[in-house]
Amino acid sequence: MGLMRRFSSIFKAKASKTLDKYEDPRETLDYSYERTLEMLQKMRRAVADVATSRKRIELQAQQLQRSAAKLEGQAKQAVSQNREDLAREALTRRQGIATQLTDLQAQHDQLKAEEARMVEGSQRLQAKVDAFRIRKETMKANYTAAEAQTRVNEAISGIGEEMGDVGLAMQRAEDKVAQMQARSGALDELMASGALDDASMSSDRLQAELDRDLAEPAVEAELARLRGELTGSSTTAKQLDAPAEDAAGAQAPTEAPAEAPVEEERR
Amino acid sequence: MIVRISGEGQFDVPEGHVDELNRLDDDLTKAVDSGDEAQFTTALEALLASVRTAGEELPADWIGPSDLVLPSPDATIHEVREVLGDEGLIPG
């Protein structure tokens with residue numbers, strides 16, 4: 001037997017098991033309707049799960065993009081400061097992030113497609129639920145055992161098949177979400193403890209080194225100034241404490257006799 | 001003849017088109033047997049395209065059983081085999 005027919009008969013056999021049949025077809029109709037409503041709710045929850053998963057990936061991607069931009073800036077700064085070693089390090093780390101981003105983008109696209117399919121699926125199911133509700137009431141009202149049996153069975157196996165189909169789509173989406181969650185969990189761990197977010201951590205170290213290089217001449221000048229001031233007059237260093245003690249010093253000059261002249265000098 | 005494409009909807013396909021579907025189904029069966037994923041995707045796409053062009057899509061509020069149910073366009077060999085296995089259709 002061809003695949004098409006095998007797939008069909010197994011699918012339909014499984015779908016028909018999703019609905020119990022009652023002695024009175026009218027009861028079966030009501031039961032089927034209830035099950036379909038439940039299915040619709042499950043489907044909506046599944047859509048929300050997929051959306052949550054997708055948003056998590058978007059947040060991770062934004063975080064990685066920020067790290068990449070930061071590293072790019074640092075690489076430029078390093079080049080302008082003639083620190084090729086640091087530039088190389090920044091670019092290497094940025095490369096690693098770019099690979100992760102490509103991977104995330106692919107996952108994101110997959111989830112987005114899954115989400116769109118499920119939204120479409122739940123719209124189809126909603127349309128069927130609405131039609132089924134009306135039809136089952138008509139069938140119950142005009143019920144005559146002989147002709148109803150076939151029509152009821154048709155409606156029920158039709159709705160059962162739709163539920164089977166939606167169920168399959170949900171299963172697929174749930175599997176995908178589980179896979180993605182495992183992967184983004186791994187990425188979170190990587191960001192928190194390992195190579196990746198460490199990239200932005202050590203990009204801070206990188207920044208520190210760049211800043212140090214840039215600051216070096218200024219620091220040297222400051223040092224020279226301080227040395228000069230210290231040797232020139234020991235009182236200048238005291239200026240740092242002066243404002244806080246200003247008022248206290250004025251009110252209780254006896255407690256800090258050495259500082260009074262300093263304040264005078266400043267004014 | 002009513003044909004369902006999984007995850008897509010139901011189509012009303014003229015009876016005269018069945019031979020064509022059977023021919024395309026042979027290719028699909030061979031692909032699943034050989035386990036060649038690329039060949040499978042091509043064969044499945046051909047089969048589904050044929051249903052979409054020859055058939056007319058039924059409205060979403062149409063309720064009735066299908067004579068044939070086909071895998072969704074992005075199904076993999078693994079997924080098809082899973083349906084053919086013992087897994088239930090409705091999770092939870």
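Analyst: A:Arg54 sits in helix H2 of chain A. The model is predicted, so local features need pLDDT of at least 70 and side-chain atom pairs count only at pLDDT 80 or more, while totals for chains, interfaces and linings use all residues. Residues are numbered from 1 along each chain as its sequence is written, chains are lettered from A and ligands numbered from 1 in the order written, and side-chain values use heavy atoms, with hydrogens and water left out.

User: Why is A:Arg54 called buried?

Analyst: The relative accessible area of A:Arg54 is 13%. Buried means under 20%, exposed over 50%, and partly exposed in between, with a 1.4 Å probe and protein chains only. A:Arg54 therefore counts as buried.

User: What makes the pairing of the A:Arg54 and A:Glu115 side chains a polar contact?

Analyst: The two side chains meet at 2.5 Å. A polar contact is a pair of N or O atoms within 3.5 Å, one able to donate a hydrogen and the other to accept it within protein; residues adjacent in sequence count only if both atoms are side-chain atoms. The 2.5 Å pair of A:Arg54 and A:Glu115 is listed as such a contact.

User: Which residues does A:Arg54 touch, not counting those up to four places away in sequence?

Analyst: A:Arg54 touches A:His108, A:Leu111, A:Lys112 and A:Glu115. A contact means heavy atoms within 4.5 Å.

User: How do you know whether A:Ser32 is buried or exposed?

Analyst: A:Ser32 has 0% relative accessibility, so it counts as buried. This residue is also in helix H2, residues 25–80 of chain A. Leaving out residues up to four places away in sequence, A:Ser32 touches A:Leu19, A:Phe132, A:Ile156 and A:Ile159.

User: What makes up the secondary structure of chain A?

Analyst: Chain A has 7 helices and 0 strands. Both are DSSP runs numbered from the N terminus: helices are H or I, at least four residues, and strands are E, at least two.

User: Which residues touch the most other members in the largest nonpolar core?

Analyst: They are A:Leu64, A:Met118 and A:Phe132, in a core of 47 residues. Chain A elements giving two or more residues to this core are H2, H3 (84–141), H4 (145–193) and H5 (197–232), and H2(A) gives the most, with 16 residues. A nonpolar core is a set of buried Ala, Val, Leu, Ile, Met, Phe, Trp, Tyr and Cys residues joined through side-chain atoms within 4.5 Å.
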